[in-house]
Amino acid sequence: MRYVVAKDSREAVALLNTGENARLLAGGTDVLVQMKLGNKAPSLLVDIKAIIGFSDISAENGGFRIGAAVSGAEMGEHAGLKAMWPGVVEAVELIGSTQVQGRATMVGNLCNGSPAADAVPAMLAAGAVARIEGPSGTRDMQVADLLEGPGKTKLGKAELISSVYLPARPERSGDAYLRFIPRTEMDIAVASAGVNLVLDENGCVLEATVALGAVAPTAVMVPNAGAALVGSPLEEQALEACAAACEAACNPIDDKRGTVEFRTKIAGVMATRAAKIAYTRAGGQL
Amino acid sequence: MSKIHITTQVNGDAVEFLCEPDETLLDVLRDRLNLTGAKEGCGTGDCGACSVTLNGRLVASCLVLGAEVAGSEIETVEGVGTADALHPVQQHLLDHAALQCGICTPGIIVAAKALLLQNPNPSEEEVRYWLAGNLCRCTGYDKIIRAVLSAAAEMRGENA
């Protein structure tokens, strides 16, 4: 195996395009484990951490752009980002241990393609946009449109995600992410939910985006669950309708960590609890 | 495979080594630099026995490549305290008998020291969350947590 430090994204794309079995290395908390376990045996590892901008969190048009090599710990330490998108940051911070947080990246969590990836439902709810570099140049794509299936994204050949953009927020908005795991820390979501809300002056929900993780081959947006909250001050009836919409959107696997029935039920519970947190963060009074 | 030449800093000393492109920092530390304090428990970033700091950031050295650390500052357990003057975390782990087999201990020491640098007065819950990635199969954790909390108190100048 060769190890190459890419100087810019053009070089990284060119290296991905050589026809070699190339993999990208940012935090390495997935790819190095896959190599160790023998699931991946790249002939070329392209380190993207030295590319200018890839390690930056930068303010842009009222939102934040998060580079592909920014670690979870760095996101958690960024006061401005945490204040604007607390749900996204708390989702990223749930990934792994302190040691993993020191290296793991949000973009890597997305590219790894796990249906249970913690950052992904939060990014979907936030309307996050991925910036993609490839042989034919730069393009932007909704994170929601990138999801393909377990271990897969819709990234094309020799394409990479250089950053993810979290947009500006109106007043009275808030987001939250919750997952269910059988223990307190260091586990993979059995079911999870990201919720992003915008409230009106009276504390009623103006806009609501709900996304679920670990209950389908990819994280999924649930438009009906968001619609169920719109116009409400998050009263019980709206929350019940939201939970029902979430349950209807579930198509989970059945395994030792959670049955189909359990994952389906819990997805709705996580969504309604996350909605309450997002509502409070948006300034609403429950 | 052609080896990669790396110059970096470990425990304040300039070091250089040759490593394979897929060789982990843990293997470099243990097999090339003879720093065997960091242990391989799992090799997949789950157990924390290989914890070191990389540019001040706590990491699992089994999930870092040796090739990645050029120009970095690495601290291992060998850089924490001396035989004559143990770091408070080390002394309190001893005082609390917070180890049995000792495999997890170097990682616990490095991780706990990193915590107390950024948070001199952690709550018990904060210590438990911070050390959640440092698995110990002997102690049941309670003595470790108490040792870290009393080391923190001593470092703040309080009566431990």
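Predicted model: local features only at pLDDT ≥ 70, side-chain atom pairs only at ≥ 80, totals over all residues.
Two residues are in contact if their C-beta atoms, placed from the backbone, lie within 7 Å.

**Whole chain.** Select chain B. The C-alpha trace spans about 55 × 30 × 25 Å along its principal axes. Colour by burial next: 46% of the 160 residues of chain B count as buried.

**Elements.** Switch to cartoon. Chain B shows 5 helices and 5 strands. Read from the N terminus, they run β-β-α-β-β-β-α-α-α-α.

**The sheet.** Select the strands of chain B. They form an open sheet of 5 strands in the order S2-S1-S5-S3-S4, with mixed pairing. Now go to the edges, S2 (13-19) and S4 (57-60) of chain B. Each has a single partner strand, so one side of each lacks a neighbour in the sheet. From one strand to the next, the twist averages 40°.

**One pair up close.** Zoom in on S1 (residues 4-10) of chain B. S1 runs antiparallel to S2(B), and 7 bridges join the two. Which residue of S2(B) is the bridge partner of Thr7(B)? Pick Glu16(B) to see the answer.

**The helix on the sheet.** Last stop: select residues 105-118 of chain B, helix H3. H3 packs on the sheet, touching S3 (51-54) and S4 of chain B. Its direction makes about 40° with that of S3(B).

Technical notes:
Residues numbered from 1 in each chain as written. Chains lettered and ligands numbered in written order. Helix = DSSP H or I, 4+ residues; strand = E, 2+ residues; numbered from the N terminus. Buried ≥ 20, exposed ≤ 12 C-beta atoms within 10 Å, placed from the backbone. Pairing = 2+ DSSP bridges. Axes fitted to C-alpha atoms, helices over the stretch in contact; angles between N-to-C directions.
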